[in-house]
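Q: Please guide me through reading ring pairs and a ligand site in a model of this kind.

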Amino acid sequence: MTKAIRIHAPGGPEAMKWEDVPTPEPGPGEVVVRHGAVGLNYIDVYFRTGLYKAPQMPLTLGMEGAGTVTALGSGVTEFAVGDRVAYAGAIGAYATERALPADKLVKLPDAIDFRTGAAMMLQGMTAQYLVRRTHTVKPGETIVVHAAAGGVGLILCQWAKHIGATVIGVVSSEAKAELARAHGAAHTVIGYQNLVSEVKRITGGAMVPLVYDSVGKDTFTVSLDCLAPLGLMASYGNASGPVPPVDVGILAAKGSLYLTRPTLATYTAKRADLLATAQDLFDVVASGAVKIAVNQSFPLAEAAAAHIALESRATTGSTVLIP
Ligand code: NDP
């Protein structure tokens, strides 16, 4: 047997149970990974609460991990037992060891430890596609980043600054503002009540070509109001709840705006895209331009406490769970 955090029905943090589960066996095209560390992500909360539909029950939560390959299924040629690997986007990570399709894995560079690997894959590859593909962030642009002191947020701030953009980071406290500034935000705004007037002041009335909004329901309209004509609203998360149905006429009224709701799953569905996204992330981390802030760590068995911290906005940067 091995151990995993499972839910038997959607619910609060108390729905998560630390249980014995059968030792994983690799199916065709699969590998077994023994986790050195597991990543905590907001999407884990969405699966736990039922906002995102569970593929089956009981469900082992978690999308991201880093560790060592311990067994290979038939047909796997790209990996060997003993390889150091990492992945994002395969549900079932809150476990000591687990089987998953080999084509979800990438080899983890030797310089990156398992904690950092588990912290960076999902949030870092998300930041990668957001700055490189959803919109190509350009030097001299001023952009808005919500939840700027969060996991994705701190990576976005650093990466956009590295490209040469000016980041206006939105956070909920002075301590988080300081952290966002230390990670590259040129300006910070506390709360979104004054965000539109602050963006107007900072940009001299021009407003911004791009908002990265992971907060969802609470900030959707405010974010649209920060955009210059033809601006892009990248609504990539729902930390405050999902955005209600949108009347597309609002995009006309506010200046022929663009709206996208991107997901990492779409951007890395092709193996070549997954490998290129991960490589770009590894390169920017190796260069030192983006540092992964692993600011919290919990025993995997105490994943419920980690969820409580994440949902109560008590975390900053990335969080890992240690089996
Ligand atoms: P974060 O570390 O950013 O944590 C969430 C943060 O959101 C909080 O710290 C808080 O920051 C802010 N927030 C604002 N309103 C609320 C609220 N009502 N309840 C809780 N938090 C709130 O998490 P992650 O980095 O893991 O993820 C960030 C977001 O990005 C999530 O929405 C996630 O779903 C999304 N995401 C989307 C992906 C995609 O491909 N589409 C992939 C990865 C993540 P503050 O206190 O400063 O307001």
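Q: Is F47 buried or exposed?
A: Burial is read from relative accessible area: under 20% is buried, over 50% exposed, and in between partly exposed, with a 1.4 Å probe and protein chains only. F47 has 12% relative accessibility and therefore counts as buried, whereas Y52, at 25%, is partly exposed. The model is predicted, so local features need pLDDT of at least 70 and side-chain atom pairs pLDDT 80 or more, while totals for chains, interfaces and linings use all residues. Residues are numbered from 1 along each chain as its sequence is written, and side-chain values use heavy atoms, without hydrogens and water.

Q: How many aromatic pairs does the structure hold?
A: Rings of Phe, Tyr and Trp (its six-membered ring) pair if their centres lie within 6.5 Å; planes under 30 degrees apart are stacked, over 60 edge-to-face, and the rest tilted. The structure holds four such pairs.

Q: Why is the pair of Y129 and Y267 stacked?
A: Their ring centres are 4.1 Å apart and their planes lie at 15 degrees, so the pair counts as stacked. Helices are DSSP runs of H or I with at least four residues, numbered from the N terminus. Y129 belongs to helix α2 (residues 114-134) and Y267 to helix α8 (residues 264-267), so the pair ties together parts 138 residues apart in sequence. Both Y129 and Y267 are buried.

Q: Which residues are closest to the ligand?
A: A residue is near a molecule if one of its heavy atoms lies within 4 Å of it. Here 28 residues surround the ligand, and the closest are Y129, S172, K176, L264 and R313.

Q: Why does the ligand lie between domain 1 and domain 2?
A: Domain bounds come from an automatic or database assignment. Domain 1 (2-121 + 292-322) and domain 2 (139-261) both give residues to the shell, so the ligand lies between them. Helix α2 gives the most to this shell, with four residues.

Key
Helices (H or I, at least four residues) and strands (E, at least two) are DSSP runs, numbered from the N terminus.
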